[in-house]
Amino acid sequence: MDTLMTDDARLPADVDALPLVQAAIAMKPLIRKHREEMEREQRMPKPVFEQLREAGFYKMTVPRSFGGLQLDPLTYFRVVERLAEAAGSVGWNLGNGGVGQLISLALPDDGVQEIYGKRADTIMAGTAVPGGGKATAVPGGFRVTGHWQFGSGCNEASWLLGSFQVIGDNGKVVPHPNGSLYWRGVFQRSEAEIVPGSWDVAGLRGTGSFDWTVKDVFLPERRATAHAGIPLENQWSRWPGVTYQLPVQCWVGPHHSAVIYGIARAALDSLIELAGGKTPRGRTGALLCESPQVQDAVGRADAILESGRVYRNAMITELWTTTASGQETTLEQRARCRLASTRTADSAREAMDMVYRYGGSTSFKRESRLSECWRDLHTVGQTVTIAPEWYPICGRVLLGMDPGPRLR
């Protein structure tokens, strides 16, 4: 492999100082102003959506050749973290949408051109997991019918990502030429129907992660490719730049760990603000911040939360450096990157539990920020990309054993 170590291949020295990260921080007041509308309507309010788009947040993983920003993952995740601090639903949709755009770059060149040729910030929603649709092969493509869950951001999207199987005349599955039993397609949003009431949840209501369907829709070959890997492999490495050569473990898993970190950080900041002004029941004259237990909890929560993020960023940096220097990453490196993502999520859970406990009765009041963060964080925490099952999978790698099909 030729070395990729150019100036463009170097990670930024100070991610927090980057204009895009600062723009994410600056959006917090606007997002907070419209949060209730976001939760009620289960979509991005128009002023929020327009500002997100204008700032460039919907083109972070799109190649520069299409006018995208082609961000490195550390910058991308820092933006997602900052947006998740403002509202978990915003961080979630931007985190998922960017990975969906990466996946769509696996399409044939004319398919990618169709999606991103007119504007780089066209919005991708849908799901990357296998299943959901059935299709028959027809001249030039497929006729697809399907029902998919978790279409996060589908109300704002122009395109929807979903997997399907091709069924032959004999009723059996026709595999992709590479052997995969599933195909992946990108459908026009106008061809899909959103299932009303299908996103009735405790947290992340604003993501609008509704079920969606298509019925006998023609999908051209240019917008279909193999569904490789369980759950995913890098199929977009033909695009130039280190960003697109990285193993998928630098993206999938870390993207959800960034969301859960941002929510936990918002919760901790909320407790700190509360502690400076709240006098708990039965403690006349003593502010919450004067409690040694609260002081201890804040210190521990911050240390726990940041240790997870630092571990994740260190592993992404290691894989980036290996890739940029022209070397192949090892299975052990990739396993540790997945471990770090899961540990970041668990660190956020641990910090959230401490923060929620010491918020007292404020924590369970539905209108409180602590309650909002608790609901959103534990909804993010249920996703499979940061589930506890990654510990034994990665542990098998460290023990010199076969990790199974989930990790390569």
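How many aromatic pairs does the count come to? In this predicted model, in which residues are numbered from 1 along each chain as its sequence is written, local features need pLDDT of at least 70 and side-chain atom pairs count only at pLDDT 80 or more, while totals for chains, interfaces and linings use all residues. Side-chain values use heavy atoms, with hydrogens and water left out. Rings of Phe, Tyr and Trp (its six-membered ring) were paired if their centres lie within 6.5 Å, planes under 30 degrees apart counting as stacked, over 60 as edge-to-face and the rest as tilted; by this rule the count comes to 14 aromatic pairs.

Elsewhere, Phe 66, Tyr 116 and Trp 239 form one aromatic cluster.

Helix H5 itself is mostly covered, 13 of its 14 residues being buried. With the expected span taken as 1.5 Å times one less than the number of residues, the helix should span 20 Å, which agrees with the 20 Å between its end C-alpha atoms. At the start of H5, a side-chain oxygen of Asp 72 reaches to within 3.0 Å of the backbone nitrogen of Leu 74.

Thr 243, in helix H8, is buried, with a relative accessible area of 3%. A polar atom of the Thr 243 side chain lies 3.0 Å from the backbone oxygen of Leu 71. Contact being defined as heavy atoms within 4.5 Å, and residues up to four places away in sequence not being counted, Thr 243 touches Gln 70, Leu 71, Asp 72, Trp 251 and Trp 320.

Asp 121 is placed in the loop between helix H7 (109–116) and strand E1 (124–126), and at 9% relative accessibility Asp 121 counts as buried. Leaving out residues up to four places away in sequence, Asp 121 touches Arg 53, Tyr 58 and Lys 59.

How values were computed
Helix = DSSP H or I, 4+ residues; strand = E, 2+ residues; numbered from the N terminus. Buried < 20%, exposed > 50% of the residue type's maximum accessible area, 1.4 Å probe, protein only. Polar contact = N/O pair within 3.5 Å; in protein donor to acceptor, adjacent residues only side chain to side chain.
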